[in-house]
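Please read them with the structure open.

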Amino acid sequence: MFENLSDKLTATLKKVRGQAKITDKNIDEALKEIRLSLLEADVNFKVVKSFLDQVKAKALGSDVLQSLTAGQQFVKIVHDELVHVLGDSAQQIDVRENPSVLMLVGLQGVGKTTTAAKLALFVRQTLKKKPGLVPVDVYRPAAVDQLTVLAKQNSIPVFPTDPKQKPEDIVRAAKAWAQTEMVEVVIIDTAGRLQIDEPLMNELRALKTVWPPQEVLLVSDAMLGQQSVQVAEGFHQQLGLTGLILTKIDGDARGGAALSIRTTTGVPIKFLGTGEKVGNLEVFHPDRLAGRILGMGDVMSLVEKAAEVIDEKTARESARKMSKGAFTLDDFLKQIQMMKKMGGLESIMKMIPGMGNLTKQLKDMSPPDKEVKKIEAIIRSMTMEERNNPKILNGSRRLRIANGSGTEVKDINRLVEQFTQTQKMMSQMMKMGMPRGGPRGLF
């Protein structure tokens, strides 16, 4: 989402980074470019003005550290101020009560129901507490069914809501249900509207009275830009929000909402929805997002992602095979699957400091999802002997594999050629001194 903004800010700061002295002139020139970049990204103009005023004041009034050039110090000032605009530090959700109640609110179509399931999964996997889902949207067709299906797919308890009931009655009945099911964190998925209206707010206030929540979290669509800021202000005035969840961060929005909403509303962003899958929910870390926007990478998020999907034993075994030139198509398949779980090579490179500029090249080099699925189908159609030794793939074998995977022989030929090149590259990397533990962050 922040790609265009990141490109422009990185280019501007690159001009300043190498300068040995900061002057009024080069600061004003840099700030003028930064101002334009932020406004084009749909950042609120008041937020932009405050941000630039703070940067300029700190830049002109700061002593340059001996170990840094003046330009590098200026970049640090921009980064630190950007972190401040985004909220300074990550904010945890309050789940100290038993049960704790998290009430999700928002307009219709922002992804509230899916976010409820995502949050439940986060509570179980990260906070190690038992979640329970309560569907209260009795107006939108199939809303209750949608949440019920998502809950059952992920083995999450869900209250058996009757769409004919009133929302307040559903929440009252859910109290006893939560106690019986020993649910520790109750997530209430409320109804939405196309826009804020009085009947909706009256209903939400009534629900808060029936079962006072520890958190009132607004699910907001980052694609709406400045409109999302106005929506957040409206909900906050009526309900007293405790946090925000920005969805569709993986879309092509300009990013202004994320940079405006915290300062404008005073409500912290607590989570980012990074995709459509139930596992695509991230805790919002202002410093990490600032690093990504300024092209500084996000090593901590990369390490966390790697820890979630990479088995250390498998990584070490792959490294051992690489060093001996014994890397097989079966190993190749495992690496592709791990890469997919981590968001793909392009996503990984964005998190590595200094590698952000390579992502554009990777768009041309990296196979799209459709191509990756084709590669997986081809390898799965091979026998284990063929995966271990592609040299035995004669014409008849390749035809059989093509028929079994729904591809063509030329696709098999292309994969074998790509694999051979990859195998040679891996062998060369190991000879050049890849750590003995293997490239655990990537494979």
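1. Phe271 has a relative accessibility of 2%, so this residue counts as buried, the cut-off being under 20%. Phe122, at 10%, falls under that cut-off too and therefore also counts as buried. Please keep in mind that the model is predicted, and that side-chain atom pairs count only at pLDDT 80 or more.

2. The structure holds 2 aromatic pairs. In one of them, the ring centres of Phe122 and Phe271 are 5.0 Å apart and the planes meet at 75°, so the arrangement is edge-to-face.

3. Phe159 sits in the loop between helix 6 (143-153) and helix 7 (167-181), whereas Trp177 is in helix 7, 18 residues apart from Phe159. Are these two residues buried or exposed? Both Phe159 and Trp177 are buried.

4. A further ring contact involves a charged side chain. Arg193 lies over the face of Tyr139, at 5.2 Å from the ring centre.

5. What is the order of the strands in the open sheet of 7 strands? The order is 2-3-1-4-5-6-7, and the pairing is mixed. Strand 2 (131-135) and strand 7 (281-283) are the edge strands; each has a single partner strand, so one side of each lacks a neighbour in the sheet. From one strand to the next, the twist averages 25°.

6. Strand 4 (residues 215-221) deserves a point of its own. This strand is mostly covered, with 7 of its 7 residues buried. Glu215, Leu217, Val219 and Asp221 point one way from strand 4, while Val216, Leu218 and Ser220 point the other way.

7. Strand 4 has parallel pairing with two strands. With strand 1 (residues 100-105) the pairing runs over 4 bridges, and Leu102 has Glu215 of strand 4 as its bridge partner. With strand 5 (residues 243-247) the pairing runs over 5 bridges. There, Val219 stands opposite Ile245, and Asp221 has Thr247 as its bridge partner. Between strand 4 and strand 5 the chain passes through helix 9 (residues 226-239), and this β-α-β crossover is right-handed.

8. Which of its residues are buried? They are Arg398, Ile401, Ala402 and Ser405. Why do these residues share one side of helix 19? They cover an arc of only 100° around the axis, which puts them on the same side. As background, an α-helix has 3.6 residues a turn, so residues three or four places apart point the same way.

9. The face of helix 19 turned away from the buried side carries exposed residues, namely Ser396, Asn403 and Gly404. Just after helix 19, Gly406 has a positive phi of about 70°.

Definitions and conventions
Residues numbered from 1 in each chain as written. Heavy atoms only, no water. Buried < 20%, exposed > 50% of the residue type's maximum accessible area, 1.4 Å probe, protein only. Arc of directions from axis to C-beta. Pairing = 2+ DSSP bridges. Right-handed = clockwise from strand over helix to strand, strands pointing away. Phe/Tyr/Trp six-rings, centres within 6.5 Å; stacked < 30°, edge-to-face > 60°. Lys NZ or Arg CZ within 6 Å of the ring centre and 35° of its normal. Axes fitted to C-alpha atoms, helices over the stretch in contact; angles between N-to-C directions.
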